[in-house]
Amino acid sequence: MSRKRLPIGIQTFVRIREDNCYYVDKTGIALQLIEEGNYYFLSRPRRFGKSLFLDTLAELFEGNEPLFRGLVAHGQWDWSRRYPVVRISFADGVVNSRQALDTRINDLLQVNAQRLGLSAFTAADIPGRFAELLREAERIHGQRVVVLIDEYDKPILDNLGNPELAREMRDGLRNLYSVVKGQGAHIRFAMLTGVSKFSKASLFSGLNNLNDITLDAKYSAICGYTDEDVDTVFAPELADLDRDEIRHWYNGYNWTSTSVYNPFDLLLLFSKREFRNYWFETGTPTFLLDLLTRRQAWLPELGQLETDAELLSTFEVDNIATEALMFQAGYLTIDEEINLDGNWFYRLRYPNREVRQSLHGSLLKAWTPEGQPVTRQRMSLYRLLLANDFGGLQKLFSAFFAGIPHDWYRNNPIAQYEGYYASVFYSHFAALGLDVRVEDATSHGRIDMAVLFNSQVYLFEFKVVELVPEGKALQQIRERGYAEKYRTRGETIHLIGVEFSRESRSVVGFEVERDG
């Protein structure tokens, strides 16, 4: 197979097709959506291909037949019918006032009116102009209208740090979206996409006929690349790349069925030929880091949260659940769907190495005082672990906590709760991308942390004491037989008890014992 152009940063279907780029055919999914319904909502994390999918729908409805030759949809679509398409996207720029939002909406409506050959608006307000746009487009073109709204929630998300302004954005958008329900007689198909899912009551104002396909197993792979896509479409790009490492680093996003890769990651990997945190580096989740800090999150638990369906699928300006934010933003994904007598629950996990490693690297920086050599400490940790230098490990973490000024502890609420010590300790390992397992269940209890690295197993137990070490951490590992679960691996097992002093805010106990 010959190599094609990598569509890095290209979100328009026509450019991908005309510039001989790789394309993962999603047109069969588009046909299925059109055949099964009329109104859809889809939530996916940023840079996941939502805009490209909407653009593909637009080209399909507008009847641009040459673009679809060789694709699934080509022989199954009536190319003689062309529909007027209204495209609204809030992807560009940032609006930081209700007035600016209304101006942006009016501009978008005007652009659509001109493109569809409509005369000047007669209505004065936004709902009136949108309704007029839909009615006139159908009258002039003789077909009901297709409405495609991309990044529907971005004006709200851009202002989450200011809840009052975020609520104003929500109200302004509701003013626009309510028209879709009222003008249903003029709409052939409508789809809204974004990162978050706000409740219908707070944002869509009666638009209760939206079919939310975010967690629909049939559409789990509507955006993103599957393993099959990688092995077929991108086969020419796989030379000299470790296939298992590709999966480990980037696969794993799941919406109840087929797991997928973030397209942005794979395209950059194929271009640069290096495993790096491409997706994470495109947008630092400042709001998420601040939220986890304010809520004093227990970091070892983040990658194994459990939630119900309602909490997972709702997002409110005044009540943002940690699980919902992390899932909808792409930092957690579904590990298991559980049905308990009609009640749906979800167990969540990190999608892959990139997300786990990058998120904890960012948290580590946010949870330690400015000026601490966090990067150098992580490098030292890796080398010490590689050499099984436990004396060096003790000195490293003792120096780390000892180097935090007392003023920082006094002025920073995150450092005043007991879980801070183990959270930061854990994040050092997670930020290296190591195989770290927390609260790992055994027949005798749960291990605080297990690290599998370099064909060896390291079992950690953490305790907080008043001032002096008590030896209870290592004692618990021994007495509860935590090592038993790992002996079948045939690898060397190290038992490590770590004790933090509540009074001195430092590591006062670090006992190591080799199992067997």
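Analyst: Let us begin with a definition: contact means heavy atoms within 4.5 Å, and an axis is a line fitted to C-alpha atoms, with angles running from 0 to 180 degrees between N-to-C directions. The model is a predicted one. In these terms, helix 7 (residues 163-182) lies across strand 1, strand 2, strand 3 and strand 4, and runs at about 150 degrees to strand 4. Helix 3 (residues 50-61) lies across strand 2, strand 3 (145-150) and strand 4, at about 165 degrees to strand 4.

User: What is the order of the strands in the open sheet?

Analyst: The 5 strands follow the order 2-3-4-1-5, with parallel pairing.

User: What makes strand 2 and strand 5 the edge strands?

Analyst: Strand 2 (85-89) and strand 5 (211-212) each pair on one side only.

User: How do you know that strand 1 and strand 4 pair?

Analyst: Pairing requires at least two bridges. Strand 1 (residues 39-43) and strand 4 (residues 187-194) are joined by 5 bridges and run parallel, so they count as a pair. Within strand 4, Ala-190 stands opposite Tyr-39.

User: Which direction do strand 7 and strand 8 take relative to each other?

Analyst: Strand 7 (residues 333-340) and strand 8 (residues 343-349) run antiparallel, joined by 7 bridges. Leu-340 has Asn-343 of strand 8 as its bridge partner. Their hairpin has 2 residues between the strands, and Asp-341 takes a positive phi near 55 degrees there.

User: Why is helix 13 called roughly antiparallel to helix 15?

Analyst: The axes of helix 13 (residues 286-294) and helix 15 (residues 322-329) come within 11 Å and cross at roughly 155 degrees. Angles over 145 degrees count as roughly antiparallel, so helix 13 is roughly antiparallel to helix 15. Their crossing is left-handed. Phe-287, Leu-288, Leu-291 and Leu-292 of helix 13 make the contact with Thr-322, Leu-325 and Met-326 of helix 15. By class, these comprise 6 nonpolar, 1 polar and no charged residues.

User: Why is the meeting of Glu-237 and Arg-3 called a salt bridge?

Analyst: The cut-off for a side-chain nitrogen of Lys or Arg and a carboxyl oxygen of Asp or Glu is 4 Å. The side chains of Glu-237 and Arg-3 meet at 2.7 Å, N to O, so the pair qualifies as a salt bridge. Glu-237 lies in the loop between helix 9 (227-232) and helix 10 (243-250), and Arg-3 in the segment before helix 1 (13-18), so the pair ties together parts that are 234 residues apart in sequence.

User: How many salt bridges does the structure hold?

Analyst: The structure holds 29 salt bridges.

Methods
Residues numbered from 1 in each chain as written. Predicted model: local features only at pLDDT ≥ 70, side-chain atom pairs only at ≥ 80, totals over all residues. Heavy atoms only, no water. Helix = DSSP H or I, 4+ residues; strand = E, 2+ residues; numbered from the N terminus. Parallel < 35°, antiparallel > 145°, perpendicular 65-115°, else oblique. Left-handed = near helix turned anticlockwise from the far one by under 90°. Nonpolar A, V, L, I, M, F, W, Y, C, P; charged D, E, K, R; others polar.
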